[in-house]
Amino acid sequence: MKSQKHVVHVVGARPNFMKAAPLLLALRGFPGVRQSLVHTGQHYDALMSDVFFRQLEIPAPDANLNVGSGTHTQQTAAIMTGFEKFVGQDRPSIVVVFGDVNSTVAAAMVAAKEGIPVAHVEAGLRSFDRSMPEEINRLLTDQLSDLLFTPSADADENLAREGISSDKVHLVGNVMIDTLVRMLPLAQKATIPDLPERFILGTFHRAANVDDAGWLESLLKMLADLSHEIAVLFPVHPRTRQRLSAFTDVLAAPNLRLMDPLPYLEFLSLQSRAAVVLTDSGGIQEETTYLGVPCITVRDNTERPITVTMGTNHLAGRDILKVKAVLDDLLKTPQSPKQVPPLWDGRAAERIAKILARD
Ligand code: UD1
């Protein structure tokens, strides 16, 4: 009898969970596949991890490496040491990694050195900005991968330019949108107490936005000013929260509502109802594009250009005047309907599962 293929998925940080969920589900339909899930523990707070497992019905991990926080080197090294031990005990046929976080590249490096094939879900995205830790993670993970699953055609072009053989690359669409499609009906029923009729939703956690105190202060002042015209909801990532104590005066604006990080359904519900979303997240650029909600990205670049060319995303740069000008325009002028990129249809994980399960 043929032995089962052992597929090991590695997740670690919040944006991994909604990408892994649909693939875990899709692979259940293949009797030739046995799945294991490893959580690195990069994100460990209940609101950054556990609640996503519950809402997205992700099975409990088979192993938790409990690495926690640290410098990039400490975190990456701890994941590598822990994951090497895991693969030594129950050798995978293939290791699947997601997105661009430290857990992604760390697990890919271990698998590649052990001679285990690597599959990268969300391959090929490039910001062309190597000052972003995520860009380093993307470049290295893609070089190490044997199967590269891309969300859009621009990603395929990036990989071809880097000399990656097209045989390894599969344009499958966007797994994050799979989860959105599945969860949207539930999100629309989610109740959020005291929700204003019209509001802006803001999220900032990138090092480039929150580690520079001067720039963070200008961003917070902008949100506080804005809250005199329209309510501003601001769920705060733990990395950002650590830096807010210096700005209590700015944050005292009555219509600026700071919140704990929100569970998936509640956050999706807010995104779908927001007048405009202000963010530095990658996933939120994609989700707002699917939802047709205007988004302003407060970064100088994006690894997801299709959200600008086809979707509702506006790249404003780290420039307060530009952000305000774009925002003014979006709040005043009704927006023309936007397109959803090809294959962002809720079935990307099914396409990946078929390829992974085949001999
Ligand atoms: C990581 C990813 C980033 C992703 C983000 C989503 C990398 C390089 N970055 O950034 O691409 O957009 O996740 O959230 O992998 N902390 C807690 N509780 C937690 C997790 C973190 O308090 O559960 C605090 C810690 O003090 C930690 C800091 O947040 O030092 C940053 O966490 P870390 O995992 O290093 O990176 P993120 O900023 O979350």
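Tutor: Start with a cut-off: a residue counts as buried under 20% relative accessible area and as exposed over 50%. Keep in mind that this is a predicted model.

Student: Which residues of helix α6 are buried, and why do they line one face of the helix?

Tutor: Helix α6 covers residues 153–161, and its buried residues are D154, A155, N158 and L159. Viewed down the axis of α6, these residues fall within an arc of 140°, so they line one face of the helix. On the other side of α6, the exposed residues are E157, A160 and R161. The buried ones asked for are therefore D154, A155, N158 and L159, within an arc of 140°.

Student: What do the buried residues of α6 pack against?

Tutor: Two of the partners are helices, α5 (133–144) and α13 (306–309). The others are β6 (147–150) and β7 (169–171).

Student: How much of the ligand does the protein bury?

Tutor: Ligand oxygen atoms lie 2.9 Å from a side-chain N or O atom of Q42, 2.8 Å from one of H205 and 2.9 Å from one of H237. Taken alone, the ligand exposes 750 Å², and the share of that buried by the protein is 88%.

Student: Which elements give two or more residues to the shell around the ligand?

Tutor: The ligand is surrounded by 18 residues, with H43, N102, E134, H205 and Q242 the closest. By class, the shell has five nonpolar, nine polar and four charged residues. The elements that give two or more residues to this shell are α3 (72–89) and α10 (238–241).

How values were computed. Residues are numbered from 1 along each chain as its sequence is written. This is a predicted model: local features need pLDDT of at least 70, side-chain atom pairs count only at pLDDT 80 or more; totals for chains, interfaces and linings use all residues. Side-chain values use heavy atoms; hydrogens and water are left out. Buried means under 20% relative accessible area, exposed over 50%, partly exposed in between (1.4 Å probe, protein chains only). Helices (H or I, at least four residues) and strands (E, at least two) are DSSP runs, numbered from the N terminus. The arc is that of the directions from the helix axis to the C-beta atoms. Contact means heavy atoms within 4.5 Å. A residue is near a molecule or strand if one of its heavy atoms lies within 4 Å of it. A polar contact is a pair of N or O atoms within 3.5 Å; within protein, one must be able to donate a hydrogen and the other to accept it, and residues adjacent in sequence count only if both atoms are side-chain atoms. Accessible areas come from the Shrake-Rupley method with a 1.4 Å probe; for residues, only the protein chains shown count as cover. Ala, Val, Leu, Ile, Met, Phe, Trp, Tyr, Cys and Pro count as nonpolar, Asp, Glu, Lys and Arg as charged, and the others, Gly among them, as polar.
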